[in-house]
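I opened the model to examine a metal site and one stretch of strand pairing. My entries follow in the order of the look-ups.

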Amino acid sequence: MKSLRPTILLSLIVLGSLASFGITGHFAAEAFIGHQQSRQLNELAEIVVRRSELAVDFAAASLDELAARGLVTCDAASLQAIRLHVYQRSAVKDVRLVNPDGSVICSAYSETLEFDKGWVDRSDMLVSTDARVLLFRVEQFGGDALGVLRDVDRQRSVVAILGINSSLLDIMPAELRGESEVVLGLNNGEKLVQFSPQQDGALADALDVIRTSSRYPFRVTIHLARGALSQWNNEIYWPAISIALALGLVFGLLLTRLKRLEGPVADLDRALLRDEFKPFFQPTFDLHSGEIVGCEVLARWITKDGSVISPMNFIPLAESSGRIQKLTWQILSTALNDMRPLLRENRDFKLAVNVVPSHLLSVNFIETLRRVVMGARVSARQIVLEITERDELHDLDHAADVVRQLRDYGFKVAIDDVGVGHSGLSHLKGLGANIIKIDKFFIDTITEDASTAVIVEMLVRLAQDLHMDVMAEGIETEEQRRALLACGVAQGQGYLVAPPLPFAKFRELLSRRPPAVGAVEDAALVA
Ligand code: C2E
Ligand code: CA
Ligand code: CA
């Protein structure tokens, strides 16, 4: 359950990040697509504006040419020449000579006058930006046309009747054609021509894109059903969403890393950096004389505010998070540094450190240990490595090999917590250690439970057979000390003499109770 909760939390962080990036990606893609669509629609309208401007330019140029050729009279020869001119220019349907007020004097094709539904006064005509032409709608039965008026002189003007083919407005892409209409109209609101393919009835929920000519008084309007846009030019949508989701995933994973940086492992790392793990020292003593013969180094985490955290609260995490090696070397180095004078002064004094099996079996363990111990100028013979028997030693052969090498270099090896571990007595034999440390569990009950005493006696006998020393841990009372002595245990450790102490206190204790010098190496022999 404990390990499940962080997993769920981290999954939620990743999912949350995916969702928010997905949603943002959706809106960003929509906005981008919307922007692109509007730009493209404006460009399309602009195309119609250009085409229409071109048509008017063409009409005005035709009129200029007629004027230049002097063909602005109503005589038969002129009108014939004008008809030829019109014939050669398909967009121009007719040319008319008009009075300054706009009223018609004559027409190249006089019959076309019959098709007119009306004719506007000059005052209703719209002037071009450069004031060279006037534009107006010519309502005709066969469809409206655009009148382009050009003054020749004060008395006369010519008008080109420009037929605007609705195909001029056929610019919409295939996806939008059915849902759109394009309208060319004058700036006074009159409609000139409309292009609406496959379109019956008004467009529902239409949006308008309007472009006005800067040169002539007309405008182009694209009416478009909004629904059609969802299918148009949205190829970018799914790639954009995929990119957003990928970014969301990366961001989420980064967040989980950050989250981890705030977790207990990050606290461990910070503590390692700040050197907050300190060795405490608990004396080991001779059960006969009570003399101190060595000490066990026990880790404490001294936090910034001075509080002391017990090893059970960080050793398992340090081990599972891969920090135990760094922590062990840090503790051992400090301990050696603290204890160097005493260790060098009293060559029988033993310093025991706890090493987890995974660290013992790791590559370079022996090399690093030697470097640390020799670097502190302390003899390997004074260092005891305590390997707990609580955790199973998976590779006993490998472990035995490491123990053998350690012993070859002079180090001592103790099996810790004996009696409560997984490995059983056969492992004690196989490992080849120097010392067995009987677990506090037995010491707690040795005065009350006869079977405990029997087990302790058994362990002592086994140790003798294997030429190992025996140490009892957690001795709190005089009775326990005596009971252990009766079972043949010669050395011990416990509150009876002292709890684990910070170095300064431990040194004080040693000054009060000087450690034994020349203590017998094989305590079992004493027993
Ligand atoms: P351990 O190696 O079995 O250490 C003995 C534990 O028993 C220590 O607990 C010690 O304070 C406690 N103890 C000693 N005498 C008495 C006593 O008379 N009465 C009672 N009630 N307790 C006594 P501590 O220091 O809390 O350490 C707990 C465990 O944490 C150690 O058990 C050891 O397995 C681990 N540990 C401590 N320091 C280190 C370290 O530097 N490295 C590693 N790998 N493990 C460590
Ligand atoms: Ca220990
Ligand atoms: Ca123990």
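Entry 1, burial at the metal site. I note at the outset that this is a predicted model. I looked up Asp 417 and Glu 473 and found that both are buried.

I then looked up the calcium ion (ligand 2), and 5.2 Å separate it from the calcium ion (ligand 3).

I turned to residues 133-138, which form strand E4, and found 6 of its 6 residues buried. In a regular strand, side chains alternate between the two faces of the sheet. I therefore checked E4 face by face, with buried taken as under 20% relative accessible area. One side carries Val 133, Leu 135 and Arg 137, the other Leu 134, Phe 136 and Val 138, and all are buried.

Strand E3 (residues 126-127) pairs with E4 in the antiparallel sense over 2 bridges, and Leu 126 stands opposite Leu 135. I found 5 residues between E3 and E4 in their hairpin, where Ala 131 in the turn has a positive phi of about 65°.

Strand E5 (residues 145-151) also runs antiparallel to E4, joined to it by 6 bridges. Here Arg 137 stands opposite Leu 146. The E4 and E5 hairpin has 6 residues between its strands, and Gly 143 in the turn has a positive phi of about 120°.

Methods. Residues are numbered from 1 along each chain as its sequence is written. Chains are lettered from A and ligands numbered from 1 in the order in which they are written. This is a predicted model: local features need pLDDT of at least 70, side-chain atom pairs count only at pLDDT 80 or more; totals for chains, interfaces and linings use all residues. Side-chain values use heavy atoms; hydrogens and water are left out. Donors are N, O and S atoms within 2.8 Å of the metal (3.2 Å for Na, K and Ca); water is not among the atoms, so sites may look incomplete. Buried means under 20% relative accessible area, exposed over 50%, partly exposed in between (1.4 Å probe, protein chains only). Helices (H or I, at least four residues) and strands (E, at least two) are DSSP runs, numbered from the N terminus. Two strands pair if DSSP finds at least two bridges between them.
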